[in-house]
Amino acid sequence: MERGKEVSAAQSWRLWWMGRLRSTNVGTSLMVVVLLSLLTLKWTEVISVANYAYTSARFSPVRQVWADDGFGFGILGVPWCRSRANNTVIWTRAELLQELSVFAKVYETRPIINNLNGMGFDHSFGLWFIARKLQPALAIESGVFKGHSTWILRQALPNVPIVALSPRHPRHYSKKSSAYVDSNCQYFTGKRFTDFGHISWSLVLAEHKVKDPSTVLVFFDDHQNQLRRIEAAQKYGFQHLVFEDNYDTGTGDHYSMRQICDQYHVSGGGHDCFKGEEELKIRNERQGRWEKAVNMSELCGDDDEWWGVQGFARDDFGHSFRKIPHSQHFENGRFVGDGLDVYWEVPPVASPILTHQTRYDPARTVLPLLLGEDKALFQELGLQNVPRHAFNGYTQMAYVKLLPASLD
Ligand SMILES: C[S@@+](CC[C@H](N)C(=O)[O-])C[C@H]1O[C@@H](n2cnc3c(N)ncnc32)[C@H](O)[C@@H]1O
């Protein structure tokens, strides 16, 4: 069985305790877990266990019975951006599950069957779900490609205008494959293309009779430095943001929310490049199995810089990159945290035991909605007919709600 391969006896014992702790008070849980762990584990494991209990507790209701299909979900930490207000999302896991059954049918009707290099099933569901829940007055999309995500927004928001920004119009792709062009979408593409940070948003919003930017949903799938996106969103008063490629530390082609929030003081965050640590062992074990898993020598730069990608903040599909000192990375995390109301990562839809995905490493993600024990439901929803590659694109899509801009 998978579990035997990946989880040692000590870890199994730890996981059992974590399962027990899920049904008790979180504060008490953390104290008990730290005490128990101190007795039996190294300090790095203490942090990992405490982080996991914390991360799990944030997204309630959680499962009463511990099960992770033996994939070790979250055992390497899930850095969770700290919101100053300590708020979480208004939706529950039960609602996600309920909506998944609706979305499974919607996804079957997608015009672009193979959206290679664009969004797969997990993030399509996440965007559709968030848009439906928020019901914004207007949706902005940055990064259109063939138009799959425009179509997803349209399914969630049948009557809401969309503003789409991308260097190329989606019709450009229709010569060689399928594409989607929306009739209620204002495209800033081709010669009209303007980067999100340079558009006169007050004029565009006025055109659509939208008075309050906090009623707008902004979706980014443009592979640009997400710190810059947060700064621009704050400047224009946008509060509801979704980031598609929320790459994990050490991976990806832009500085992401996940990377920015990967800090020592954040739950699930921080790394120690000192070789011989527990993280080194676990990462090495997982490397051959998961394409996106990174080992410590890939994670750490020449001078042990682990933040961003080996101490670099990448930007613009990796075409530009800037080395940043740890103090700058820390400041970036603080800046984001100060403006944050809610941070939430879309969970993977289903465990790899069901989807057979081999790309993202579960050790750095939250529990999926469906576990192995939910196989019947997975099949009932028709998800076994979704092509395997559509489950390979999970990169921790994040919903970010910013605090309203302060008046001083
Ligand atoms: C990964 S694709 C988007 C996929 C699409 N959201 C989907 O799921 O089908 C990234 C897109 O961003 C576009 N892009 C590149 N630079 C951009 C920028 N500065 N602003 C907006 N879009 C940009 C690219 O041309 C490409 O179409």
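1. Contact between α5 and α6. In this predicted model, L96, E99, L100, F103, V106 and Y107 of α5 meet F121, S124, F125, W128 and F129 of α6. Contact here means that the C-beta atoms of two residues, placed from the backbone, lie within 7 Å. Helices (H or I, at least four residues) and strands (E, at least two) are DSSP runs, numbered from the N terminus. By class, the contact of α5 with α6 has 9 nonpolar, 1 polar and 1 charged residues. Ala, Val, Leu, Ile, Met, Phe, Trp, Tyr, Cys and Pro count as nonpolar, Asp, Glu, Lys and Arg as charged, and the others, Gly among them, as polar.

2. Basis of the model. Residues are numbered from 1 along each chain as its sequence is written. The model is predicted: local features need pLDDT of at least 70, side-chain atom pairs count only at pLDDT 80 or more, and totals for chains, interfaces and linings use all residues.

3. Geometry of α5 and α6. The axes of α5 (residues 93–108) and α6 (residues 121–134) come within 10 Å and cross at roughly 115°. That makes α5 roughly perpendicular to α6. Axes are lines fitted to C-alpha atoms, for helices over the stretch in contact, and angles run from 0 to 180 degrees between N-to-C directions. Angles under 35 degrees count as roughly parallel, over 145 as roughly antiparallel, 65 to 115 as roughly perpendicular and the rest as oblique. The crossing of α5 past α6 is right-handed, a term used if the near helix is turned clockwise from the far one by less than a right angle.

4. Helices α6 and α7. The axes of α6 and α7 (residues 148–156) come within 8 Å, crossing at roughly 35°. On the α6 side the contact is made by S124, L127, W128, A131 and R132, and on the α7 side by S149, I152, L153, Q155 and A156. By class, this contact has 6 nonpolar, 3 polar and 1 charged residues.

5. The sheet. An open sheet of 7 strands runs in the order β3-β2-β1-β4-β5-β9-β8, with mixed pairing; two strands pair if DSSP finds at least two bridges between them. Its edge strands, β3 (185–188) and β8 (340–345), each pair on one side only. Within the sheet, β1 (residues 138–142) and β4 (residues 216–220) pair in the parallel sense over 5 bridges. E141 stands opposite F219 in β4.

6. The hairpin. Strands β6 (residues 312–315) and β7 (residues 320–323) pair in the antiparallel sense over 4 bridges. They form a hairpin with 4 residues between them, and D316 in the turn has a positive phi of about 50°. R314 stands opposite F321 in β7.
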